[in-house]
Amino acid sequence: MNPIEWLFDAQLVIGDQVILWREIVGNLFGLASALGGLRRKVWAWPVGIVGNALLFTVFMGALFETPNPVNLLGQAGRQLMFIAVSIYGWVRWSQHKQVSDSAVEPRWASARARILLGVALVGGTLVLTPIFRALGSFEPVWADVWIFMGSLLATWGMAKGWTEFWLIWVAVDIVGVPLLVSAGYYASALLYVFYGLFTIFGFITWMRVQRVTSATAPGRAPTTPQS
C-alpha cells in the first residue's frame with residue numbers, strides 16, 4: 001500500500017467503532033473554514049473546498065467501500081454544492097477585498113430575501129425528499145435533504161454577506177446531529193454539536209461588526225436590510 005492509499009484508508013478504532021481519519025480531517029478543514037468565515041478571511045473558501053472533497057468520499061461510504069457502507073446522498077451532494085458555491089464566494093470576497101479593507105461587510109438580507117430563503121428551505125426539502133428516497137438515501141430522508149438545502153442556502157448567504165446565514169446553520173445542525181449519530185458518522189456528529197454553538201457565536205459576532213461599521217462610517221445611514 002502506497003502512502004496515498006494509506007492516508008485515504010487510515011482508520012481510528014474506538015471500542016467497536018471505526019472512524020476514518022479523513023472524516024476527522026475533513027471536518028477539521030471545515031472548522032478552519034468556519035473560523036475564517038467568522039473573521040471574514042478570503043482563505044476560508046479554499047480551505048473549505050479541501051474539506052468538502054474529503055467528506056464527499058466519506059459520505060458515499062458504499063461507493064468508496066469505507067467501513068461505514070451508508071450513502072448519505074444529501075451529505076455527499078452538499079459537499080459538491082459547497083465546492084461550487086465556495087468558488088463563487090471565493091471570487092466575490094476576493095473582488096471586494098481589492099476595493100475595501102475587508103473581504104465582506106456583514107448586512108441584513110432584505111425582507112423579500114428572507115421570505116425566499118424560508119420558502120426555498122421548506123419547498124426544496126419537500127420536492128427533493130422523494131427524489132433522494134428513490135436514489136437510496138439514508139432514512140429519515142427528509143432530514144438528509146433538509147441539511148442539503150440548508151447548507152446550500154447558508155453558504156450562499158455567507159457569500160452574499162448576509163448575517164442571517166449563521167441562523168440557517170443552526171437549523172441545519174439541529175437536524176444534522178441526530179441524523180449523523182443514527183447513520184454511524186460519530187466524528188461528524190460531534191463536530192456538528194460544536195458547529196451549533198459556534199454558529200450562534202458567529203451570528204453575534206457579525207451583528208456586532210455590523211453595528212460598529214454602521215456607527216463609525218462617516219455620514220452613513222443606519223444599517224437596513226438589503227437585497
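1. Let's start where two helices touch: in helix 6, Trp142, Ala143, Asp144, Trp146, Ile147, Gly150, Ser151, Leu153, Ala154, Thr155, Gly157 and Met158 meet Phe165, Ile168, Trp169, Ala171, Val172, Val175, Gly176 and Leu179 of helix 7. Contact here means heavy atoms within 4.5 Å. Helices are DSSP runs (H or I, at least four residues), numbered from the N terminus.

2. A word on the source: this is a predicted model, where local features need pLDDT of at least 70 and side-chain atom pairs count only at pLDDT 80 or more, while totals for chains, interfaces and linings use all residues. Residues are numbered from 1 along each chain as its sequence is written, and side-chain values use heavy atoms, leaving out hydrogens and water.

3. How do the axes of helix 6 (residues 141-160) and helix 7 (residues 165-183) cross? They come within 9 Å and cross at roughly 155°, with axes fitted to C-alpha atoms over the stretch in contact and angles running from 0 to 180 degrees between N-to-C directions. Helix 6 and helix 7 are therefore roughly antiparallel (an angle over 145 degrees).

4. Now take Ser151, which sits in helix 6. Ser151 counts as buried because its relative accessibility is 0% (buried means under 20% relative accessible area, with a 1.4 Å probe and protein chains only). Apart from neighbours within four places in sequence, Ser151 contacts Arg78, Met81, Phe82, Trp169 and Val172.

5. Finally, helix 3 (residues 44-59) has buried residues, including Trp45, Asn52 and Phe59.

Technical notes
Parallel < 35°, antiparallel > 145°, perpendicular 65-115°, else oblique. Buried < 20%, exposed > 50% of the residue type's maximum accessible area, 1.4 Å probe, protein only. Expected span 1.5 Å × (residues − 1).
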